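Biologist: I'm new to this one. Can you walk me through it?
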Amino acid sequence: MIVLFVASSLVNADLELNQAPPLARLAGDVGGRLDGTSWNSSELKGVVHILMYVDPDKIKVNEHVEEALTREQYPSEKIRSVAITNLAATWKPKFLITKILKSKQKKYPRTTYVTDKSKVLVERWGLLDHSYNVLVFGPNGNLLFNKGGALSGADVENLTAVIWSKISN
């Protein structure tokens, strides 16, 4: 039984590549934007979106990915970032995490910061819980890249190549 649990925790999310994800909404008691407004996955259209879904306890797992994405210097009019914090996955005080996120929102105003207080995307999309998930959606809202856990060098190369292929069109 333990082997099955461990194996299932290493699988990528249940989302299908080249398909739009099931609609997910974060609002009210289950989360939303830092200003209290709701966030809806239908917003993942129009440009390429990089979505990071992160357990606050795993924030450093993919720092190398964030650094690689920054080095790429993608044209800002063709790409957006969404950082969703899985608040239900941590023991850390929620008010402290929210304060840190608000500081980051000021530092990175082009990134949309969102909280998930009830593991909505873990349940709705099958994202890895207690992990760091990296997803990319194309301008039409379809999933182009999906990886949970620590990304390897090859994963990062694939990630950046996928993004460049969509914003170069």
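Predicted model: local features only at pLDDT ≥ 70, side-chain atom pairs only at ≥ 80, totals over all residues.

Biologist: Sheet first. What is the strand order?
Modeller: The order is β2-β6-β5-β4-β7-β8. It is an open sheet of six strands, with mixed pairing.

Biologist: Which strands stand at the edges?
Modeller: β2 (31–33) and β8 (143–148). Each has a single partner strand, so one side of each is left without a neighbour in the sheet. On average, neighbouring strands of this sheet are turned by 15° against each other, direction ignored.

Biologist: How do β2 and β6 pair, parallel or antiparallel?
Modeller: β2 and β6 are antiparallel, over three bridges.

Biologist: And what stands opposite G31?
Modeller: D116, in β6.

Biologist: OK, helices. What does α3 lie across?
Modeller: α3 lies across β5 and β6. It runs at about 165° to β6.

Biologist: Which strands does α5 touch?
Modeller: Helix α5, residues 153–167, packs on the sheet and touches β4, β5, β7 (132–137) and β8. The direction of α5 makes about 160° with that of β8.

Biologist: Where does the largest share come from?
Modeller: From β5, with seven residues.

Biologist: How many of the lining residues are nonpolar, polar or charged?
Modeller: The lining of the largest pocket has 19 nonpolar, six polar and eight charged residues.

Biologist: Last topic, backbone angles. What is phi of N18?
Modeller: Phi of N18 is near 65°, a positive value in a residue other than glycine. Most residues other than glycine have a negative phi.

Biologist: Where is N18?
Modeller: N18 is in the loop between α1 (2–9) and β1 (25–26).

Biologist: Is that residue N18 buried or exposed, and why?
Modeller: N18 counts as exposed because its relative accessibility is 51%, and the cut-off for exposed is over 50%.

Biologist: What about phi of Q73?
Modeller: Phi of Q73 is near 50°. That is also a positive value in a residue other than glycine. The place of Q73 is the loop between α2 and β5.

Biologist: Q73: buried or exposed?
Modeller: At 66% relative accessibility, Q73 counts as exposed.

Key:
Residues numbered from 1 in each chain as written. Heavy atoms only, no water. Helix = DSSP H or I, 4+ residues; strand = E, 2+ residues; numbered from the N terminus. Nonpolar A, V, L, I, M, F, W, Y, C, P; charged D, E, K, R; others polar. Pairing = 2+ DSSP bridges. Axes fitted to C-alpha atoms, helices over the stretch in contact; angles between N-to-C directions. Contact = heavy atoms within 4.5 Å. Buried < 20%, exposed > 50% of the residue type's maximum accessible area, 1.4 Å probe, protein only.
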